[in-house]
Structure formats: structure tokens, C-alpha cells
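Thanks for asking me to look this one over. Here is my note, with the model shown first so that you can follow along.

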Amino acid sequence: MRDDRHETLSKVPAVTLGFWIAKIFATTLGETAGDTVSMSWLGETTPQAGSGGLNGYLVGTALFGAILLALVVMQIRARKFHPALYWATIIASTTAGTTLADFATRSLGLGYSGGSILLLGLVLVSLGTWYKVEGKISSDHIVAPRTEAFYWLTITFSQTLGTALGDWAADPATLGLGYLGGALLFGGMIAVVAILYFATSINRVALFWAAFILTRPLGATVGDFLDKPLAKGGLALSRPLASAALLVAIVAIVWWTSQRDRREQPSAD
């Protein structure tokens, strides 16, 4: 009988094409949902921003950060992989990352370049500490609470970094590629990682985290393209409606992959 101990114990999904599609949709949702709260509802981009004594980016970060913390605790306490819980935590991390990156780059004045450098440093510190403490960095065998804590901390930093990188690539004052140009840049970089995966023997864990980080700025630029004003190169779609549509798509993808994985599992003898 085949040893299914890894599949049984690991509390993260198998890294398949469905995983990456869901991840890109989730990062795009994180951008539109974060902007819905901090910009549309809390008016951070209006002339009245901050006039009531509240910073919309900071309030959004506190809100989504609290949700993320609660979900991470639930994820760590869970005894097995739960698709809905896992993807809810991913969405919370990317949404919190959106508002946190905007707070750092805009409200604190770090700028997109400074914010990207700082957040890249945090990702590298998280990965380096993870390796130093545990002797390895994992991407698919996530079981022990300490390993999960490193996993979700790295994910949150990478999601935040991705927002800053997306803005850095698109903004006219920095790289100036626009939203579609930024999406093409990061999509091309992901394609390079995929080629390296299939054509070389480069460490698979390193390639996983490279792809994981790059999907975030791809989602950020796509999300901005969907909801930013026409004058800024976006489609000016409703942020709440775009977020709802993306959420429906994620639920459909996760359901489909879960059903497929269940069908492919060998029956017990």
C-alpha cells in the first residue's frame, strides 16, 4: 500500500496548477478588498482623508490583521488540512498585506522603493530565521506549530512585499510600467520560474517561494487595473463587486480542486 502519511498530515494543499490559479485570484482579491475598506469605505484617497483623526490604511490593517491572527491560530490548532480555512487565511494575509503596505509606503512616507526594500528584507529575515531554527525551509510539509508559524509569517511578509512591488512597477514616479505593464512583468517572471522548475534541478523549495512571492505583485497590479480610475489606467470597476466576483471564482476553484483530489485518492484496502 502507498504511504500517504505526508498527504494525511500536511496542513497545506498540494502545489498544483489549481493551487497557483487560486493563489493569483486570492492575491487579486486581496488588493480589491483592501482598497474597498481603506479607500472606498474609509476614504483614504479622498480630500477628506484623515480629517476625522483616523488613518484608513491603519484602520484597515488593524481590522484585517485581527482577522488574520484569528485565522492563523485556527489553522495552527486544526489537526488536518481544511481547504476553506487555509484559503480564508491566505485571503486574510493578502488583504492585510495590501493595507499594511499602503500604510508603510504612503502614510509613513517610505515610498514604493523604500517600502519594497524593507519588506524584502523582512521576507529574507523570516526565511533565514526559519532555516536557522529548523535546519530547513518547507513549502509542502507543514505540520508542527512552529513550522506553521514561520510559514504564515513568511507568507504575510511576502504578501505585503507584493503590494509594494506592484505599486513600484506601475507608478509613473518609479518604474512607470502601468498596471498592465506591471502585470506582464511579473507574469513573465513567474513564467521564468516555471521554466526553471521544469528544465533545471534548482531547489524546488526556493522556486516555490520565488513563485509565491511573485504572484502577489501580479495580483496587485491586476487588482489595481480592475478598480483604479480610467484616468490612471484602470477600468474603474466597483471594488466591492470585483471583490465579490473574485471570491466566487476562488470558491469555485478550491471546490473543484478539492473534488478532484478526493477522486484521485486511492481507496483504502
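The numbered points below go through a helix, a loop residue, a pocket and some salt bridges.

1. A word on the ground rules. This is a predicted model, in which local features need pLDDT of at least 70 and side-chain atom pairs count only at pLDDT 80 or more, while totals for chains, interfaces and linings use all residues. Residues are numbered from 1 along each chain as its sequence is written, and side-chain values use heavy atoms, with hydrogens and water left out.

2. Let's begin with helix α8, residues 204–227. Helices here are DSSP runs of H or I, at least four residues long, numbered from the N terminus. At the start of α8, a side-chain oxygen of Asn203 comes within 2.9 Å of the backbone nitrogen of Val205.

3. Please look at Ala236 too, in the loop between α8 and α9 (239–264). Its phi is near 60 degrees, a positive value in a residue other than glycine. Ala236 has a relative accessible area of 42%, so it counts as partly exposed.

4. What lines the second largest pocket? A pocket, on a 1 Å grid over the protein atoms alone, is an open set of points where a 1.4 Å probe fits, with protein on both sides within 12 Å along at least five of seven lines; lining residues have an atom within 4 Å of a point. The volume of this one is about 490 Å³, taken as the space filled by probe spheres set on the points. It has 17 lining residues, and the closest to its centre are Val15, Trp20, Tyr197, Phe198 and Ala211. Helices α2 (17–41), α7 (178–199) and α8 each supply at least two lining residues. The lining has twelve nonpolar, three polar and two charged residues (Ala, Val, Leu, Ile, Met, Phe, Trp, Tyr, Cys and Pro count as nonpolar, Asp, Glu, Lys and Arg as charged, and the others, Gly among them, as polar).

5. On to the salt bridges, each a side-chain nitrogen of Lys or Arg within 4 Å of a carboxyl oxygen of Asp or Glu. The count comes to nine. One of them joins Asp102 to Arg106, with the closest N and O atoms 3.7 Å apart. Both residues lie in helix α4 (residues 83–107), four residues apart, about one turn of the helix. Asp102 is buried at 0% relative accessibility, whereas Arg106 is partly exposed at 30%.

6. Another salt bridge, between Arg146 and Glu134, is 3.3 Å from N to O. This pair links distant parts of the chain, with Arg146 in helix α6 (residues 145–170) and Glu134 in helix α5 (residues 111–134), twelve residues apart. Arg146 is partly exposed at 48%, and Glu134 is partly exposed at 23%.

7. Finally, Asp224 and Lys228 meet in a salt bridge of 2.7 Å, N to O. Both residues are buried. Salt bridges with shared partners join Asp35, Asp224, Asp227, Lys228 and Arg239 into one network.

How values were computed
The expected span of a helix is 1.5 Å times one less than its number of residues. A polar contact is a pair of N or O atoms within 3.5 Å; within protein, one must be able to donate a hydrogen and the other to accept it, and residues adjacent in sequence count only if both atoms are side-chain atoms. Buried means under 20% relative accessible area, exposed over 50%, partly exposed in between (1.4 Å probe, protein chains only).
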